[in-house]
Number of protein chains: 2
Amino acid sequence: MALSLLEFPVPTLAVMSLMIISAEDTSPGLRKRGGIKEKDLDTTELKTLVCLEFASKVTEDTVDWLKSKIDAPKTKDGAGLVAKKWKRNGDGPWVLLISGTTERLLLSAELMEIKKPCKDGSLREISVKHLDLFQDSEDLDHFLTMSEKQRIILQELESIRTLDEDISIPGIKSVTFYRGEAIVAGLLMKKVIYQLYPLHDKKELKYLAKEWYQAVVKKQPIEHVRRYFGETVAMYFSFLGYYTLALLPPATIGLVSKLLTESDLDLLIFFSFFNLIWATIFLESWKRNCATLAYQWGTINMEPFSKARAAYYGELGVNPVTGILEPQYPNWKRLVKLYTVSLPVVIVCLCLAVKVMLIFFYWDAITAEYSSKHPSTMATLLTLVPGIGYAIVVTIMNAAYNWLARALTDWENHRLESCHENHLVMKLVVFNFVNCFMSLFHIAFIQKNMEMLRRSLATLLIVQQLIQQCQETLIPYLIYKYYKRKITKSHEKQNSDQSDSDDEWSEMNNDLIFAEIESKKRAYVSTLDDYLELYLQFGYVFLFSAVYPTAAFWALCNNVMEIRSDAFKLCRILQRPFSRPTSGIGVWQVVFEAMGALAVMTNCALVAHSPQMKSLMPDHKEVDILMWFVMAEHAILLLKYLIEMAIPDEPEWVKIAIEKVEYEANQILNMQRLIDIQKTLGLQHPKEAKKREEES
Amino acid sequence: MALSLLEFPVPTLAVMSLMIISAEDTSPGLRKRGGIKEKDLDTTELKTLVCLEFASKVTEDTVDWLKSKIDAPKTKDGAGLVAKKWKRNGDGPWVLLISGTTERLLLSAELMEIKKPCKDGSLREISVKHLDLFQDSEDLDHFLTMSEKQRIILQELESIRTLDEDISIPGIKSVTFYRGEAIVAGLLMKKVIYQLYPLHDKKELKYLAKEWYQAVVKKQPIEHVRRYFGETVAMYFSFLGYYTLALLPPATIGLVSKLLTESDLDLLIFFSFFNLIWATIFLESWKRNCATLAYQWGTINMEPFSKARAAYYGELGVNPVTGILEPQYPNWKRLVKLYTVSLPVVIVCLCLAVKVMLIFFYWDAITAEYSSKHPSTMATLLTLVPGIGYAIVVTIMNAAYNWLARALTDWENHRLESCHENHLVMKLVVFNFVNCFMSLFHIAFIQKNMEMLRRSLATLLIVQQLIQQCQETLIPYLIYKYYKRKITKSHEKQNSDQSDSDDEWSEMNNDLIFAEIESKKRAYVSTLDDYLELYLQFGYVFLFSAVYPTAAFWALCNNVMEIRSDAFKLCRILQRPFSRPTSGIGVWQVVFEAMGALAVMTNCALVAHSPQMKSLMPDHKEVDILMWFVMAEHAILLLKYLIEMAIPDEPEWVKIAIEKVEYEANQILNMQRLIDIQKTLGLQHPKEAKKREEES
């Protein structure tokens with residue numbers, strides 16, 4: 001294996017792939033082999049898969065130049081796809097409607113190692129040579145799902161690279177590229193391309209509507225979601241569903257105990273202990289569930305999107321791994337930025353957030369005192385001022401910090417998408433944690449006002465989440481409706497102007513209208529905000545179990561709605577996202593586990609500080625009670641750790657299946673090695689050797 | 001890759017390897033190719049590498065049967081090695097002296113994927129086809145080191161398997177084998193083979209003596225140790241050396257602060273904080289060092305000895321991964337054993353140990369009280385009784401528990417060596433922890449007698465470690481000396497009887513004497529006990545830094561001696577161990593890290609409980625002081641965690657080197673894929689295609 005490197009010089013690979021993958025060359029051969037009638041390959045018939053919309057000021061020169069790049073075969077530095085040019089209603093921007101021939105897409109699918117189920121039930125990487133082994137390979141045009149095709153097109157667009165140094169693009173003077181830079185990503189970065197989005201599939205959307213967000217009690221159609229939106233989105237909804245299910249026991253117990261008794265300490269202690277252990281078991285069994293899903297999706301061994309970011313910059317240099325010329329940014333510079341700027345800035349922001357909170361509590365106390373001393377309507381209204389002021393300040397700070405976190409992470413210039421996302425998530429998680437929980441901690445441990453804590457939690461869980469759902473779903477939906485009506489009307493008007501329009505034109509026109517409506521929708525950036533929301537909710541439920549047992553119930557109700565509203569949002573309100581494979585929820589697993597560990601500390605502290613505790617153990621010194629709870633906390637943390645160790649991260653059958661694949665691959669390598677040895681020694685084929693021996 | 005499985009049916013592999021690897025067939029071809037003069041291959045000339053000693057009652061029938069198995073070529077179910085029969089002085093046991101031809105060993109080395117440095121400096125798996133690319137391949141006989149040859153012989157001996165069902169062995173009626181069982185491992189298990197050991201190399205030993213254990217101030221010759229003893233032993237000595245070096249700063253600071261001031265609280269707090277952080281940094285940077293070593297040794301990506309244990313039993317069934325018939329033991333049975341027997345038994349043992357300790361403290365207090373009331377020589381002697389009694393009981397309990405832990409782990413019937421070792425290590429670590437540290441905790445936190453704690457620690461660190469070194473090294477050395485003299489004398493007597501002995505015979509005889517002396521030595525079972533010793537020492541040093549800062553200094557002194565005495569032990573006192581590759585220190589990393597975390601708790605508790613603390617903060621309530629220390633403990637634990645996250649586990653260059661290998665392997669796979677596509681489409685070779693295009 002390792003030595004065969006010496007035989008195949010690596011640089012030829014790039015040349016070979018350029019030579020082979022070319023739309024014109026490949027089509028006939030494949031059709032013939034697949035045993036499918038050769039159709040007249042009219043590329044105008046191809047369904048548009050991806051829209052590429054230019055900025056409004058871009059001229060036709062530039063559009064033509066990029067179109068020629070996209071259309072050109074791989075052998076001529078193109079993408080080998082099919083692009084149609086279209087200028088949206090007169091003064092609108094230029095749009096390229098991109099698709100690809102089935103043959104072209106299949107070949108890319110093999111090189112991208114996309115996996116598909118075989119007829120024997122196993123999951124294998126697509127092989128054009130062995131297409132007949134795969135399920136559903138009779139209808140080649142629909143063998144790849146639409147989202148797979150769109151992912152392939154994205155990948156091919158991103159692989160269009162400049163081959164000369166400092167080329168300039170017709171129509172735009174200011175933009176230059178280094179040699180080998182990805183053109184489409186560069187133009188997107190430089191705002192020459194306004195947006196790049198895949199189109200929805202109306203038929204599939206109808207199915208999803210029925211089975212997914214309009215269903216009352218039904219399992220989520222995760223497999224369909226994956227096929228339509230890709231693994232990253234499907235993984236989020238799986239997690240959301242699994243978490244919602246996991247909330248059932250705490251919600252039931254919490255609700256029952258709330259109804260039965262007001263505040264029995266034993267019950268509260270039992271309940272919070274149950275919750276802590278339950279959270280551990282939930283997160284561990286999610287890992288297993290996640291491994292099962294990733295195995296079924298064929299993504300279990302993948303690196304989480306390890307491609308370089310388009311925005312990554314640096315001096316051109318040789319990549320030590322691949323030997324390719326690309327921007328290089330020294331790691332020590334990034335570390336210096338991290339520790340001398342990002343970290344201090346984040347800490348200052350956190351301190352600021354805490355300071356603002358303390359000021360709020362101070363003013364709140366003052367106004368409350370004033371209104372109790374001078375009771376009047378005016379004074380009562382005055383007590384509301386700090387709360388409202390605080391809410392406004394928090395919102396502003398949140399937005400500012402959000403912007404700052406993204407700017408800092410961009411500036412840190414991480415090479416990999418995954419690193420970038422991890423650093424961004426960490427910053428957002430830490431800040432949101434302080435912003436959301438510090439005031440609750442203040443109420444719980446400084447003010448020791450459990451009634452107020454309960455009230456705050458209820459507000460956050462019920463009111464705030466309702467508001468969020470409106471913000472996320474209702475308002476964008478109304479905006480979308482407005483644009484849809486406007487565009488449809490303007491096109492109807494156009495149509496009635498052009499009285500000579502025939503049926504075909506009107507169908508084409510329908511597609512264009514659809515593409516235009518899609519262009520007005522917002523893009524689905526990432527699952528980050530959705531996970532963050534869940535993360536905060538997880539905190540509200542588990543950090544304060546000992547004080548507010550009904551939290552799980554409200555979270556459960558919210559999540560049942562959340563599944564539907566998020567699904568609706570993705571299907572109807574936002575642009576379709578490009579499918580992105582993933583093997584898990586990544587850094588969120590760590591972050592949720594950290595919250596689980598923190599919950600042990602808060603719950604132990606809440607119980608130890610509770611006034612009932614002291615009345616229960618009046619003959620014990622305060623310091624002894626505290627000692628007991630410190631020991632209990634350590635014991636529970638140890639128990640959590642042991643449970644985490646005891647539950648394997650992958651189900652046994654998944655482990656065996658993966659080992660089996662590795663074993664078989666190893667056997668093939670060994671086979672190759674044996675054949676090599678055999679050749680070296682000048683021996684005959686083993687079968688013949690055996691025959692000879694049997695004869696003698 | 002995945003699909004090519006469909007082309008090569010896997011079961012033929014076993015047949016092929018049987019066909020090809022056969023001592024007779026291979027030798028001439030390789031010699032020819034290697035360009036080396038063909039020697040007359042007289043197998044009696046071969047140097048003995050491994051000794052196989054039978055139990056004393058085994059008859060010549062059995063010996064001949066096994067010898068024929070070892071000598072037979074692979075094609076006839078043998079090992080293809082060379083064995084010489086020898087009966088040790090008259091009534092002594094039968095011994096087989098085993099070696100192998102260079103060609104035979106090289107072919108196995110390729111199949112075992114042993115890595116060697118190439119002339120270009122890279123590390124590659126041995127390939128018989130490309131031997132000329134490797135360093136030192138001019139002298140084929142010494143291309144493999146002696147320890148590599150011994151490892152290959154072990155592997156080949158272990159691969160001798162029965163092919164028929166329930167075969168019986170000549171001379172032994174009682175032993176039967178299932179079909180496909182490994183014969184040598186089975187005979188070792190069943191005590192038919194008394195021992196199997198590789199021979200030392202006197203010349204190499206001399207070098208190691210000079211450079212290693214006789215050296216005063218010299219870097220350990222780790223690379224030589226690896227080549228001689230294998231990766232597992234070399235890794236232990238690397239760790240020991242690294243840890244000793246890491247003790248320098250705490251030892252210096254501890255000693256200086258001890259000399260400067262008696263018990264300044266600020267200094268103690270600073271010192272223990274420094275120690276806690278230092279321990280974290282040490283363990284993290286060891287990980288990096290370990291990754292570097294493993295990369296240089298070519299073991300970084302290996303699974304830690306993932307082969308099935310010889311003692312593994314169960315009903316015969318098909319292995320779901322390999323499809324081979326072998327013992328299968330259901331996982332749930334193992335889990336039932338673990339949770340219903342092993343875990344309770346261990347807990348009972350721990351409770352017993354604690355109980356015994358408490359009884360000791362009780363009697364100690366009583367005798368002390370008695371002797372203070374009735375002072376007399378008799379009474380003073382009486383106060384020594386509990387201490388002596390406790391020491392005896394602890395020694396007995398330790399031995400009993402050691403036996404119990406091994407028996408339980410055997411009975412749990414783990415399939416993999418690594419699982420078995422992990423479970424054994426865990427049991428031993430937990431018990432030894434309780435046995436060694438509980439009494440110290442009792443003194444520190446229940447009796448709150450810091451003076452006594454300091455005295456106990458000093459005793460443990462100085463006296464106990466001296467005694468251990470005597471036990472480990474001095475006594476076995478004397479026993480070895482005794483045997484050596486006895487055997488040499490008896491042979492001299494024999495020689496003087498046989499007056500017709502010529503020179504050649506006497507040289508042969510010398511080798512036999514050497515083999516006989518080796519047979520009397522004890523085997524080096526595993527690094528487990530050595531790591532356990534270090535682990536306990538690590539605990540003494542870091543758990544109580546706040547009370548006894550000189551601990552690090554004593555540990556440092558001990559370790560400087562320990563390196564030398566352990567090296568001496570391995571080189572001179574014990575049988576040479578078979579070389580075992582490893583990628584790290586395995587579960588010990590986890591166990592040391594756990595001790596580091598625990599040290600945070602003990603040190604915080606020690607400082608918080610110290611009498612100086614209360615006198616320093618007289619106006620604070622006890623409960624407040626405690627609160628502060630709980631928070632400090634949590635903060636330090638968090639800091640430790642952050643440090644662990646911030647330090648990457650592998651140095652950047654190792655990461656890049658590994659990624660580069662993966663990238664190149666992937667490129668080759670992609671290349672293969674492209675060639676496949678090309679063939680499918682009936683295209684010509686890409687180079688030709690390019691030529692054609694250039695012409696047109």
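How many bridges join strand β1 (residues 50-54) of chain A to strand β3 (residues 94-99) of chain A, and do these strands run parallel or antiparallel?

Modeller: Please bear in mind that this is a predicted model. Strands β1 and β3 of chain A are joined by four bridges and run antiparallel. One residue pair can be named here: A:Cys51 has A:Leu97, in β3(A), as its bridge partner.

The two strands belong to an open sheet of four strands in chain A, in the order β2-β3-β1-β8, with antiparallel pairing. At the edges are β2 (82-87) and β8 (193-198) of chain A, each of which pairs on one side only. From one strand to the next, the twist averages 20 degrees. Helix α3 (residues 60-71) of chain A lies across β1, β2 and β3 of that chain, and its direction makes an angle of about 10 degrees with β3(A).

Elsewhere in chain A, an unreviewed UniProt entry lists several stretches as "transmembrane region", including residues 338-363 and 534-556. Residues 338-363 of chain A are 100% helix and 0% strand, with the end C-alpha atoms 36 Å apart. For residues 534-556 of chain A, the figures are 70% helix and 0% strand, and the end C-alpha atoms are 11 Å apart.

Beyond its neighbours within four places in sequence, A:Tyr535 is in contact with A:Val429, A:Val591, A:Phe592 and A:Met595.

How values were computed:
Residues numbered from 1 in each chain as written. Chains lettered and ligands numbered in written order. Predicted model: local features only at pLDDT ≥ 70, side-chain atom pairs only at ≥ 80, totals over all residues. UniProt positions renumbered as here; feature names shortened; annotations may be inferred. Contact = placed C-beta atoms within 7 Å. Pairing = 2+ DSSP bridges. Axes fitted to C-alpha atoms, helices over the stretch in contact; angles between N-to-C directions.
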